[in-house]
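This report covers one protein model.

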Amino acid sequence: MLALRSGLARALSPRTLAPQVCSSFATGPRQYDRTFYEFRTYCLKPSKMNEFLEEVKKNIHLRTAHSELIGFWTVEFGGRMNKVFHIWKYDNFAHRSQVRGEAVAKDKEWQEKFLIPNLAHIYKQEIEITYLVPWCKLEKPPKEGVYELVIFQMKPGGPALWGDAFKRAVNAHVDLGYSKLVGVFHTEYGALNRVHVLWWHESADSRAAGRHQSHEDPRVVAAVRESVNYLVSQQNMFLIPTSYSPLK
């Protein structure tokens, strides 16, 4: 009976809970100002691809009069064919609303010369809002070349979970001279826990050589292996800058 009472007393006594470790649920981190980058991807009808690019070339100055274009590329491989990808910079969401809801919408020349005649050539649009990660700034390549956009889908939990490991993997390539980093962007609107890394290369062959060398370097292998623990999927797209792209 005494043992029964002792067990019952232990069961009814207040329990001391083990301390819980919590991480931030924020989708950040982001750079410390409100600047963001809009990623726009257009899939075009195959027969209209060249015509669309020529029309953009003739009229892009009308659109860039209202906000800053960072880069405009065609997808060479690693994704759907007949696809263009472009990045626009905005100071904040009020700036974007003013540009797209007022300035661009009321620009009759842009509407009549480009938007109305060419909108039917686009059969799919994708838009993402991204921030530069705080440990990265947008870099300009030293000369003209080609680009690679690597899209990483990371495990849920945000940079609080995988940010440090991801940073070490990226910087391993940069610090050892295997790749030229343009920017690292974290998605705010779109698929969450997605990171876009934009690289510059002199050519497709120099990219292939650098990738082969980096994969033989134990310092890079160790850093990447740590980050892979948090990786869900990865897509690499090879991009060719257009003649009117600010990033060439």
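Helix H2 (residues 49-64) and helix H4 (residues 108-118) have axes that come within 10 Å and cross at roughly 155°. Axes here are lines fitted to C-alpha atoms, for helices over the stretch in contact, and angles run from 0 to 180 degrees between N-to-C directions. The crossing therefore makes H2 roughly antiparallel to H4. Angles over 145 degrees count as roughly antiparallel, under 35 as roughly parallel, 65 to 115 as roughly perpendicular and the rest as oblique. H2 passes H4 in a left-handed crossing. Left-handed means that the near helix is turned anticlockwise from the far one by less than a right angle; clockwise is right-handed.

This is a predicted model: local features need pLDDT of at least 70, side-chain atom pairs count only at pLDDT 80 or more, and totals for chains, interfaces and linings use all residues. Residues are numbered from 1 along each chain as its sequence is written, and side-chain values use heavy atoms, with hydrogens and water left out.

**Helix contacts**

From H2, the residues Phe52, Glu55, Val56, Asn59, Leu62 and Arg63 meet Glu109, Trp110, Lys113, Phe114 and Asn118 of H4. Contact means heavy atoms within 4.5 Å. By class, the contact of H2 with H4 has five nonpolar, two polar and four charged residues. Ala, Val, Leu, Ile, Met, Phe, Trp, Tyr, Cys and Pro count as nonpolar, Asp, Glu, Lys and Arg as charged, and the others, Gly among them, as polar.

H5 and helix H7 (residues 218-228) form another pair, packed at an angle of about 155° with axes 8 Å apart. That makes H5 roughly antiparallel to H7. H5 passes H7 in a left-handed crossing. On the H5 side stand Ala165, Phe166, Arg168, Ala169, Ala172 and His173; they meet Val220, Ala223, Val224, Glu226 and Ser227 in H7. The residues of this contact divide into seven nonpolar, two polar and two charged.

**Overall make-up**

The protein has seven helices and eight strands. These are DSSP runs, numbered from the N terminus: helices are H or I with at least four residues, strands E with at least two. Of the 248 residues, 43% are buried. Buried means under 20% relative accessible area, exposed over 50%, and partly exposed in between (1.4 Å probe, protein chains only). Among contacts between residues at least 6 apart in sequence, 81% join residues at least 24 apart.

**Cores**

Which residues touch the most other members of the largest nonpolar core? They are Phe166, Val184, Val197, Leu198 and Leu239, out of 31 residues. Such a core is a set of buried Ala, Val, Leu, Ile, Met, Phe, Trp, Tyr and Cys residues joined through side-chain atoms within 4.5 Å. Elements that each supply at least two residues of this core include strand S1 (36-44), strand S5 (146-154), helix H5 (159-175) and strand S8 (231-241). S5 gives the largest share, six residues. Leaving aside neighbours within four places in sequence, Leu198 is in contact with residues including Trp73, Ile87, Tyr147, Phe185 and Leu239. A second, separate core has 22 residues, among them Phe52, Val56, Ile60 and Leu62. In soluble globular proteins, nonpolar side chains tend to be buried together.

**Loops with positive phi**

Asn82 is in the loop between S2 and S3. Asn82 has a positive phi of about 60°, although it is not a glycine. Its relative accessibility is 23%, so Asn82 counts as partly exposed. Asn193 is in the loop between S6 and S7. Asn193 also has a positive phi of about 60° and is not a glycine. With a relative accessible area of 15%, Asn193 is buried.

**Single residues**

| Pair | Sequence separation | C-alpha distance |
|---|---|---|
| Gln235 and Gln153 | 82 residues | 8.7 Å |
| Phe36 and Arg96 | 60 residues | 9.7 Å |
| Val221 and His173 | 48 residues | 9.9 Å |

Gln235 sits in strand S8 and is partly exposed at 33% relative accessibility. Beyond four places in sequence, Gln235 touches Gly78, Gly79, Leu149, Val150 and Ile151. Phe36 belongs to strand S1 and is buried, at 0% relative accessibility. Val221 is in helix H7 and is partly exposed at 27% relative accessibility. Leaving aside neighbours within four places in sequence, Val221 is in contact with Ser214 and His215.
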